[in-house]
Structures are given as C-alpha cells and as structure tokens.
Protein chains: 2
Amino acid sequence: MAGRPWELAVALERGSGTPVFLQIAGSLADDIRRGRLRPGAVLPGTRRLAATLGVNRNTVVAAYEELQAEGWIETDAARASRVSSALPDPRPQRFGGEVGRRAAVPARTGYDLPPLPDLHNDGVRPDAELVFGSGVPDLRLVPVAALARAYRRALRQRGRTLLDYAAPEGLPRLRSALAAMLAATRGLAAGPGDLVVTRGSQMALALVARALVTPGDLVAVEEVGYVPARAAFALAGARLAPLPVDAQGLDVEALDALARRTPVRAVYLTPHHHYPTTVTLSPGRRLRLLEVARARRIAVIEDDYDHEFHYDGHPVLPLASVDRAGVVVYVGTLSKILAPGLRVGYVVAPAPLLARLAQLRSTIDTQGDPAIEDAVAELLEDGEVQRHVRRVRRIYRDRRDALADALRRDLPGQLSFDVPAGGVAFWARSLSSPDVIGWARRALAAGVFFSPGGWFAFDGRPLPYLRLGFACLTEREIAEAVRRLARTRPPVGRSAAASVIS
Amino acid sequence: MAGRPWELAVALERGSGTPVFLQIAGSLADDIRRGRLRPGAVLPGTRRLAATLGVNRNTVVAAYEELQAEGWIETDAARASRVSSALPDPRPQRFGGEVGRRAAVPARTGYDLPPLPDLHNDGVRPDAELVFGSGVPDLRLVPVAALARAYRRALRQRGRTLLDYAAPEGLPRLRSALAAMLAATRGLAAGPGDLVVTRGSQMALALVARALVTPGDLVAVEEVGYVPARAAFALAGARLAPLPVDAQGLDVEALDALARRTPVRAVYLTPHHHYPTTVTLSPGRRLRLLEVARARRIAVIEDDYDHEFHYDGHPVLPLASVDRAGVVVYVGTLSKILAPGLRVGYVVAPAPLLARLAQLRSTIDTQGDPAIEDAVAELLEDGEVQRHVRRVRRIYRDRRDALADALRRDLPGQLSFDVPAGGVAFWARSLSSPDVIGWARRALAAGVFFSPGGWFAFDGRPLPYLRLGFACLTEREIAEAVRRLARTRPPVGRSAAASVIS
C-alpha cells in the first residue's frame, strides 16, 4: 500500500435507508476528498474489506464499482483498486483577481426594476388550527397511496419517455382521459384534440388572458369574485370592468349595456357555483349570455372549478355544452377533485385558441410534468378519480349539513344564509354587525380562519359577509369551529345594527 | 329480494392490478347504473356472495363498504344492503331548449384573436432512431428508481402538506438543498432566501423577462444562441439586439457600444458553455462585462444551464460568484443534471427581484409541485444527484471522445471542430459544402437527427455548422450515427466549395 497505513473509518448504519454499498462508497469518497486517501493509494481487496466490515463481499464489490463509476478510483492492470490521479468534482476556477470568501448575493439590484401592475394577489395561506378553507378540498381524503403507486408505475414502465421533453399541450393519454370524463359528465363531446392540459386553472387563465388580451382591452369580471383570475387578466394588460352578481348570478344585461358602449374583449365568470357566493347562473341568463357574446364577439371564460361538488338536485351543464358559436373558453381543474399540489387543469376551446395557448405554454413553461400527467391519466382511466369524487361528495354534503346545523344552533339570528346546493362553502351575511374583518381577526386569535367577504370585492371595500368553507373540516371540527365563531362574534348593539350595509 | 331474481355477473380478474374488492364493487355499480339492479333492491348477504364468488367474506364486506361510501347502496335497519333510492352521479341538467346530442367543440372562435409576437419557438422534437440531441441528457441513465422512491416517501410521510397550496417561491427544503449545492460547487454563498424555485430554466427566463422588461425595452442576446430565451423576452415585449459571439464568447465591447447609443435593459448569455457553440466566456471579458453592466445598470442574465458537464481542466465559476453590484441574475436548472420532465430550475438574485418573481409565479402558475420538489430535495440531500453527476460526467466525457474519433475517422477533411472542454455537443463547421440543411434532411431520412447551425441564428440565415449533441447516444450509437452522417454528407465539388460562407 502506498504511503502510511490507512485506518478504515467506515461507520455503517443499517436500516438508515441508504444502501450499505453506498455508505461504504460514500465513506471512502470522503476520505479521498479530505486527503486521508491520496491519489495512487491502493485500496484493500474486496475480500479483505468485506471481512473487516462484516459485510458480504458483493457489497464491497458494488461499492468499488460505484466509486469507479463516479471516478474516485481506477482499477489497474493487476486488478488492484487505486485512488484516481484526477479526482472527480474538479475545483472550479475563479477568474479575475477575486480571492477568498464566496460572494454573498447582494441585497440590492444594480439595475432598475419597473413597477408591476398591482395584482392584489398576495395569496393568503391561512395558518390556523381550524380553517374554513375558501376553496381547498380535504387533503386527508386524497387517495395518496394510489397516486404514489401510479407515479411509480409510470416511471418504471415509461420512465425514459416521461422524463423527457414533451409537447406543451400535455400528454395525449391525459388529454384523452380528460376528454372522456368531460364527455361522460359535462355534455361536452370533446376529443383529445379539443383541449390542452395546463398547470391548474391559474395557468389556464394566465395563458387565456395572454392569448386574448391586447394591453388596454376591456375584460368584464364579477364584482364579487375570484381575485387570482383578475390578477391574470391584469398581468396581460387588461382593464377590468366589474359586473354585478345577484341571486341569479352574473348580471348579463349589465354586460350587454357595457358592450353597447365600448368593446369588451372577454367576460370571466364562475357560473356553476359562483365564487364566492355559490349562486348558480340561471338558465335564462345562460342563454342570454351566449346570445350577447355571440352578437358582440365576446369571449366567455367559463371557470367550472368545482363542477362535481353538487349535492341537491342536478348539476347544471356548462355553458360550453351548448355553445355553437365558439364563444366559450371552458376552464377546468383537478385541484378540487384531487389536490391543488398536483397542478392539473385544462382548457377546452376551438383549435385556433388552443394553438396559441400551446405556443404560450411552451414559452413560459416548456411543458408539463409527463410522469405526473401519466399517473393522473391512469387514475382517471381506472375510475379511481370518479370513485374518489363519489366518496368525497357524500362526505362534503354531510359536512355542509353539519355546518348549517351548527350555525343555526350556535349563532341564532346572527347570520343569514342559504344552504348551497353545491360548492364547498357558505356565503353568510352578518346580521348584527358589518364588522366582519374584526370578527375574522378575533376568530383567528381563537384558532379559526375564515375569509371576510370584502376580500372578494372588486374595489376591496368591506362586505358584511363571511365565506365559510366546509370541505376541509370534519363534522366534529366544524362544530368546534362554529362554537369559536360564536364566542368571538361581534357584540349585538344598536349602533352596530344601524350601520349594516345593505 | 325485491323484483325478479338477479343474476350475478361479476367476472373477477386476479392479478389485474385492480384489487378484488374494487372489481366486485365496480361490477355491482355497473349493474346499478344500467338498471339491472333497481333502487331498493336488496343485495345478497356478504357471506352468501363471498361463497358464490369464492372469495374471502372480508373482501365482500370491503366491496359493500366502498359501494356505501360512494353512495350506491345503503344499509337498512335490518342491516341488509339495498340499492340507494338516489344514485350517485346525478344526471346533469340541460338548460334552454337544447336536446339530444352532446355539443362538439366549434372549429372556429366566435371572438377575434389578436396576433401573438412571433416567438420562433416551435420546439422541434426530433423523432429519429439516432438523435444528436442538442441539449438533452441521456434519460436511460436517470436514477428512476431512486426518484420514484423519493416521491413515494414524500407523499407517504408528508402527503397532506405536499398536495396542498404552497408558497410560490418553492419548498423551503428544496431551496435549502439548492443553496447548499450552489455554495459547495459554484462559489455562491447563497442561502435559501436568495433563490426562488421555478419550473426549469424556461419559466425562470419568462418570469425574469416579465419582471425586468417594459414593452419596448431593449434586451441584448447572443447573435447565435438559445431560441427559447429570445421567445421569453419577446413575449414580455422586449426589442432584441443581437451581439456577436466569437472564440472568447460574447463580444462585450459590442454591448458597451450599444449601451452608449441607447439604454439596454438586460443582456442574456450562456457564458460557461455557450449555447450552441460551447465556447467559454474568457476571464477578461467576464470582468469587463460586469464593469459595463454596473456602469450602465444592465441586468446580466446568466444562464448556467449545464455547469456540471465540464471534462477538461476546471469549470469556471459563474459571473454571479463575483458580482458585488447586484447586476447578475443567475439562472440554473436540474433539467440537464436529472431530467427535463421534472421541470426544476431556479433563479438566484437580489431580494427585490425575487419578490417580483414570486408574485408573477403566483399569477401565472400559483406554485410548484411540492411533492416533486420534496423528492428532488431528498435526492440532493442524500447525495444521489451529486453521485449521478459524477457518473454521467465520465460517461459523457467518453462519448465526447468517441464522437471526436468517429468524426475524424469517417468524415476526414469534411468538418472542422474543436473538441469542447465542456457541454454536451460539438459545434462543427462543414468544410466542403454550406448546405447543412440539405445534409440534415438526408441524415433524417437515414434515421439520424442533428440541428443545423442556422436554427440558432438570430436572423434565421443558414450557417455552415452542425450542432452534434453527444450526451444521449452511447459510444456504439455515436459510431453508427457518424457512419450515416458520412453516407449522407454533401458531395465535395468545386461549386460547393466556392460557396462556403465564411
């Protein structure tokens, strides 16, 4: 052996999750890196090292093979393993006269940053013990094991293809599975070529906005509505025009009146369970909306984000299912059905728009994650997603009823609400006091989060409403959360009652 | 039993991958859906059905529990299972007078589509037997099993958190792991707060472009360079100014001259192994570039897409490692180290830019996929990524040498090239004929893909160069591909030789 005798210091941890051969290789590589083993030094034979460490000889052979593959050691003519003369991980080269310490990242930019449009999209991620989540499913119910299995199977069977560059429209297998689901449940005779896969509905909206809007174009949105959608349109340079929403949904006549005065590029709405009020756009207004859009060439961006969660009576088919004029851009997502973290959404629209969406997707994101797309396609094909939907729909229905009971029991006369036929939340009016923001603050201090209605207002003014999401709390949690709401409710007083905004 | 006797038609397929209890439940659900089993009908007892099917009784119990959870059956007071009166999957409701067939998606839009900027980003995805991939790693070498294991572990241990909404900056665990890697290998003393995770370098570039560029701003790019980066700047509304590249890399004096004439918002470059020519920006030019940028407040967007793949001598530290003025925006990716399909990239920059990137990310994409981010963080933490890099670096180096040998052997006098010290491709000049596009076409017909040099030219003019990526072909495949290149090479003739572009 070259140089002075070398003391082995391989501390093996069995059951650590790291295979033993990698532990041996890592330990030897460390010794080489630190100079305890120098270039040219001969390593002990595999048989001897195996005996010393009390492991199978094959384990040491595997360790040496790994070290050789990584370039730490070489096998010489006499089949002895020696530390390589040129080590892997060559030290990078500085340039210029800079020496010494690594550079920290400067705190300020050396260039000017132009202002961004105000996106009002701060994405509050509530951290409380009990969260009346505004649109989040109960992730405790997600079929995690099935998902992990499907992902592993995808990688094992088609790993090489699924880790590669891919088409920006999404994996054909997933497009087919989504098209089949839409045909079966939403009255849309869509084929795989009629949709593109996106990363959740947010990327769908951002791409659609960028494809439709020329800066300065007018886009109509719901006066009380979904803030991140507004951010997507604002980012594309749109001017936004708020339209009223009432018990029948979006005020379509207001859209028509607006479009008579000035060109409207697009209207964005959530017609099935309006976000955040949960009202359904009435049949009369649906037909009228399509008529106005056709006459004025307005794109109707239909965000059907939680179609499946309908409990009483029948869900209403989307606007897209009766659109003969090609005015509807249909946006859907699996974020509510499965999980937001998976980021699988889609857009159904005429081919010329889809082609632009694909080109834009390619430019901002290249493509999706084909392995995840393949795994989700498998879960759709084998019915796992549909079974999951049936199971959670029943659970959410019971939670909805539990929330209605609890609110009536613990906050009598304090809130006015309709029990929603669908969706995942109540839109409840505070009767005794308009100070819902104060209530939200006190509730948060008591470990309960809910969204005050004003968060959804176009002009940001306070609204005397609470949005109470019930999907992600169990019935027991709902009862506890409502008790805490009751404890923290605004005092009922003359002055408060008099100042209610109507 | 209510109604006429019901014939069981459960065809069990063992080893089909679908658990037997789900097969039984699915079969009964089908019978209910088709009306063979009507509302109120009593199902056989679990013991009897188990005997009929020859399965364990617990399997039938599990099947009935699934049917109950999905809402197909109910258990009555006498503990008999009956088909539910209200079935799951309520039929959706049409609105208006529409009846009959599902609507097909119209072929045309009923609204006007504004023109998109010309992105020149068609993303050719070569489909050939032997692909000299321009920047793709060999996906046959990816540690697929380790990745699948890490993903499953992430979901199992932290599934609920990792499937939820998350911060747009990326998972803290991954940001820490990336920062540690950058500190260890690239002379960047970055902490987790100094970077944001993106979906590959493409989203990084799109976000940076959107954050820096006001429409009409001038952005300088390499005259021969990376097309998708140009697309990202064009999409943000930038005017692009091409700068020459020579054997020392980007012509920094040309940038200075341009910036003296007119404000330049940013310069985009690939200084380590220039894409596509593989030249390294010289130390003198590096220092001069930082000086020019600091003096003129130009953002330097450093795309270090394949830092690890350096074979001879020492890799050069990034510009970011000596940037005291906060002018460098450092963009990196794991697409080349691991796999493009994972879409993990990052940006290191001063905090004010990072804050804007996070807000933009939130608006176009909400967030990343936390489970994938967690799995990749684990692979970084336990050294799997670093081991993989060492292994493939040696393999790629041998492939590089094999390609040099094959080109000298089979195409003597036909090509002029330097063997690149790093990167994953050769930039070879065709000596006998400038018609590289014709050569590419003939090669493709013979099953070999390579990128003609003109594809990377700012003005799209043909260039007498071939980019020959060697990373994703084995040595044997390289030999075969070069033989086919030789068979399809341009004829050597006087007229051809005379028309060489210099």
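**Close-up views of a predicted two-chain model**

**View 1. Strand β7 of chain B is mostly covered.** In this predicted model, 5 of the 5 residues of β7 (residues 218–222) are buried. Buried means under 20% relative accessible area, exposed means over 50%, and partly exposed lies in between (1.4 Å probe, protein chains only). Helices (H or I, at least four residues) and strands (E, at least two) are DSSP runs, numbered from the N terminus. In a regular strand the side chains alternate between the two faces of the sheet. Here, L218(B), A220(B) and E222(B) point one way from β7(B). V219(B) and V221(B) point the other way.

**View 2. β7(B) pairs with β8(B) and with β11(B).** Two strands pair if DSSP finds at least two bridges between them. β7(B) runs parallel to strand β8 (residues 239–243) of chain B, with 5 bridges. L218(B) stands opposite R239(B) in β8(B). Between these strands the chain passes through helix α7 (residues 227–235) of chain B, and this β-α-β crossover is right-handed. Right-handed means that, with the strands pointing away from the viewer, the path from the first strand over the helix to the second runs clockwise. With strand β11 (residues 266–269) of chain B, β7(B) pairs in the parallel sense over 2 bridges. There, V219(B) has A266(B) as its bridge partner.

**View 3. A 180° rotation superposes chain B on chain A.** The shift along the axis is 0.0 Å and the RMSD is 0.1 Å. The two copies are thus related as by a two-fold rotation axis. Copies are superposed by least squares on the C-alpha atoms of residues with pLDDT of at least 70 in both. Which residue of chain B comes closest to the rotation axis? R152(B) does, with its C-alpha at 3.8 Å. Because 98% of the interface residues of chain B are also interface residues in chain A, the copies meet through the same surface. Contact means heavy atoms within 4.5 Å.

**View 4. Y151(A) and Y151(B) form an aromatic pair.** The structure holds 25 aromatic pairs over all chains. This one is tilted, at 3.9 Å centre to centre and 35° between the planes. Rings of Phe, Tyr and Trp (its six-membered ring) pair if their centres lie within 6.5 Å; planes under 30 degrees apart count as stacked, over 60 as edge-to-face and the rest as tilted. Each tyrosine lies in helix α4 (residues 144–162) of its own chain, so the pair joins two chains. Y151(A) counts as buried because its relative accessibility is 1%. Y151(B), at 0%, counts as buried too.

**View 5. Y311(B) and F470(B) form a tilted pair.** Their ring centres are 6.3 Å apart, with the planes at 55°. Y311(B) lies in the loop between β12 (299–303) and β13 (328–333) of chain B. F470(B) lies in the loop between β19 (465–469) and α14 (475–487) of chain B, so the pair ties together parts that are 159 residues apart in sequence. Both Y311(B) and F470(B) are buried.

**View 6. R487(B) lies in helix α14 of chain B.** Is R487(B) buried or exposed? At 61% relative accessibility, R487(B) counts as exposed. R487(B) and A446(B) are 41 residues apart in sequence, but 8.9 Å apart in space, C-alpha to C-alpha.

**Notes.** Residues are numbered from 1 along each chain as its sequence is written, and chains are lettered from A and ligands numbered from 1 in the order in which they are written. Local features need pLDDT of at least 70, side-chain atom pairs count only at pLDDT 80 or more, and totals for chains, interfaces and linings use all residues, while side-chain values use heavy atoms, with hydrogens and water left out.
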